[in-house]
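Have the viewer open as you read.

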Amino acid sequence: MENGPSVLTAAEKKYVQIEKDGLAVVFEVYQYYSESDLDCCLATEKDFGHVQSLYNDETDYMSSVYHSWLRERNHVVFLAKLHGQVIGLVSSHIVDDGQTVLMQCVKVAASERGKGVGRLMYKHIVELATTRFPQLKKQSFVTDHKLDRGLCVLGTQSLISLQVPSINVPTLTSEVISNMKKRGDEYYEPIPLQPDDVRSIFLNRTVIDTLLPDGRIVQRGSVFKPLESNLDILLKRDIVWRADRKGKTRAVSLGTAPYRDPMGNCVFRINMFGQDLSAVKSVFLSQLQSLPPLQNNVICLLSVNPSLSPQIWEFCINEIGLEKGKQYWNDEIIVEDDISQSYY
């Protein structure tokens, strides 16, 4: 006869021994937290030190965005606290003229995973968002792995991780451009985009339909429809905008300002849109030239149309002389679904 497990408190992990057929079997059991166990609250500047404890690997960029997220209009960062200790964070942003909640980040302390913390934070943030914005219809996010929950996948970008050598990057790129011209390769002198140029290009129907993945702008894990209100958000961020040309544009990109990850690496993120290989190469080189003076341990994370991924890899390694970086994931999958669906 089996002996039932002892009663668990929500915040505890327990080892439960069950006797069956004369054998003692030990199970490690976790219990989901209930709403009364956690304090779910809006994040503040003073929480930053506690939030940093959640982030400890190369893929984390929270220290570079936390304060700006708190200042952005219609941007909500929610925390889950247990006995005053931060154990989880979720970030959301109301975009697309108030029609979509962009789910940007969900993080739970390693010791508290599998206990429903993410589910409770998601519930709180959706309730808050729908109360403030009753016209909300959709949620969107960018994920790095395949999901099998019936989600609407809008598009995919391939992610390329590169290690930048500790040399003068403008000199390096100038040599590459010179070699391309000597070989007679097609090369375009990319142009920096001013705010009016950004609006003109990214609101152009041809650009939207032919360059952007399912007509979406992706910037460091966030996804936006090409709308005036969304461009207003992006133009306030520290972004380098480049295009191969203003008219009949074939490649555009957003370069996010370099930031330090928890491992001390300087990370430069480039989101590239377009399928014309020559134009994409030209714009990528222009983004590299825009980099400030850099020291060691520089990582470039470049997202491109999947159809160009093999050629861009070859160009970066064999022609520019960059090295392969640690590849944490291969794809950025752009997802959208009804606001009522929960995935945490």
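Start at Val-51: skipping neighbours within four places in sequence, this residue is in contact (heavy atoms within 4.5 Å) with Met-62, Tyr-66, Leu-79, Val-86 and Leu-89. Before going on, note that this is a predicted model, where local features need pLDDT of at least 70, side-chain atom pairs count only at pLDDT 80 or more, and totals for chains, interfaces and linings use all residues. Residues are numbered from 1 along each chain as its sequence is written, and side-chain values use heavy atoms, with hydrogens and water left out.

Val-51 belongs to the largest nonpolar core, which has 50 residues; Val-51, Leu-38 and Ile-87 are among the members that touch the most others. A core here is a set of buried Ala, Val, Leu, Ile, Met, Phe, Trp, Tyr and Cys residues joined through side-chain atoms within 4.5 Å, and buried means under 20% relative accessible area, exposed over 50%, partly exposed in between (1.4 Å probe, protein chains only). A second, separate core of 32 residues includes Ala-251, Cys-266, Val-298 and Leu-302.

Now hop over to Thr-256, in strand 13 (strands are DSSP runs of E, at least two residues, numbered from the N terminus). Why does Thr-256 count as buried? Because its relative accessible area is 6%. Its side chain makes a polar contact of 3.1 Å with that of Gln-219 (a pair of N or O atoms within 3.5 Å, one able to donate a hydrogen and the other to accept it; residues adjacent in sequence count only if both atoms are side-chain atoms). Leaving out residues up to four places away in sequence, Thr-256 also touches Arg-220, Asp-238, Phe-268 and Arg-269.

Key
Helix = DSSP H or I, 4+ residues; strand = E, 2+ residues; numbered from the N terminus.
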